[in-house]
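Subject: Structure handover and notes

Dear colleague,

I am passing on the structure we discussed, and my notes on it follow below. Please read them with the model open.

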Protein chains: 2
Amino acid sequence: MLEVLRAADDHPTAAEVYERVRRASPRIGSATVYRTLALLVSTGRALELNLGDGAAARYDANTRRHDHAVCDGCGRAVDIDHPVPDGMMAEIARRSGFAITGYDLQFRGLCPDCQANGSDPARTAGGTGQQ
Amino acid sequence: MLEVLRAADDHPTAAEVYERVRRASPRIGSATVYRTLALLVSTGRALELNLGDGAAARYDANTRRHDHAVCDGCGRAVDIDHPVPDGMMAEIARRSGFAITGYDLQFRGLCPDCQANGSDPARTAGGTGQQ
DNA sequence: GTGATACTGAGAGTCGTTCTCAACCAGCGG
DNA sequence: CCGCTGGTTGAGAACGACTCTCAGTATCAC
Ligand SMILES: [Mn+2]
Ligand SMILES: [Mn+2]
Ligand SMILES: [Zn+2]
Ligand SMILES: [Zn+2]
């Protein structure tokens, strides 16, 4: 299960993880996948990502803190490594009175592929519009 | 409906909007609330917020671009007005190859109330843990 | 009034996720 | 070996947040 996640370069949803794990262990049930993903997340071996569209959570074996750019065309999410400066966090904390422990940041736009393929391509082509 | 949203200083979910609208128009159905919220969002008169927990979408009559700090204790979301510098956006665009059109940013932490009330207070006290 | 048109609320359906529970499996003492 | 016990599992039910469908109703044009 962790292997599947580590082998994934995309950011699979639970359903996609299920599908992939099933290739190795066809008898597994989705409840187990959800349970195991929750365990991996709670023990810090994976991240659960909510990419701000209302869509299903994604899972990420890359537990370094990092952000994502999400394609509005095809749903692809790529890693962005560019931390917000600490000074900004401190400033926010000061102005809001919150004790800030972290942040979630995702950029939206079109990935190179979707820029190339005109207006609404990947969402209508191929699959579900989410990868 | 827009009035209800404009009067709200919190960031209500569709269910909360429904509940409030119902006080003035008890015969309204939730389908109409969802339909109307979608209309307000698509015509730019309200924002739909996905605050990165897996929870229900929030709605916001404040359509200026702004971010939020979300309390891990009680779920409260307060406005943060502190734009990410354009230079950073450009840098991300350059490095990722994405055509970046915007971003979603939310800070997480504890609001002043929840800091005051010890460890796990507001989530167990009072209501549902979401406001 | 009468008919076309748009809007509404109730309820069914969908999707992602969690819960429940009986079957199963490991380890362990006998 | 063998029955017991406690943890895991998978199937399916349940759940929450939406979205869809459809018949009923309000609105307007004549
Ligand atoms: Mn990632
Ligand atoms: Mn706001
Ligand atoms: Zn794309
Ligand atoms: Zn709080």
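How many bridges join strand S5 of chain A to S5(B), and do the two run parallel or antiparallel? Eleven bridges link strand S5 (residues 99-110) of chain A with S5(B), and the two run antiparallel, where strands count as paired if DSSP finds at least two bridges between them, and where strands (E, at least two residues) and helices (H or I, at least four) are DSSP runs numbered from the N terminus. Within this pairing, A:Leu105 has B:Leu105 as its bridge partner.

Before the rest, some conventions. This is a predicted model, in which local features need pLDDT of at least 70 and side-chain atom pairs count only at pLDDT 80 or more, while totals for chains, interfaces and linings use all residues. Residues are numbered from 1 along each chain as its sequence is written, chains are lettered from A and ligands numbered from 1 in the order in which they are written, and side-chain values use heavy atoms, with hydrogens and water left out.

The interface

The contact (heavy atoms within 4.5 Å) draws 37 residues from chain B and 37 residues from chain A. Between them the chains bury about 3,000 Å², 64% of it on carbon and sulfur atoms, buried area being the accessible area (1.4 Å probe) that two parts lose on being put together, summed over both. On the side of chain B, the residues that lose the most area to chain A are B:Phe98, B:Asp104 and B:Phe107, together 22% of what that side buries.

Two salt bridges are found across the interface, each a side-chain nitrogen of Lys or Arg within 4 Å of a carboxyl oxygen of Asp or Glu; A:Asp104 forms a salt bridge with B:Arg108, with the closest N and O atoms 3.0 Å apart. Of the elements that supply the side of chain B touching chain A, S5(B) gives the most, with twelve residues.

Aromatic pairs

Over all chains, the search finds two aromatic pairs, meaning rings of Phe, Tyr and Trp (its six-membered ring) whose centres lie within 6.5 Å, with planes under 30 degrees apart counted as stacked, over 60 as edge-to-face and the rest as tilted. A:Tyr103 and B:Phe107 form a tilted pair, 6.3 Å centre to centre with 55 degrees between the planes. Because A:Tyr103 lies in strand S5 of chain A and B:Phe107 in strand S5 of chain B, this pair joins two chains.

Within chain B

S3(B) and S4(B) are joined by four bridges and run antiparallel, with B:Val78 as the bridge partner of B:Ala69.

Best regards
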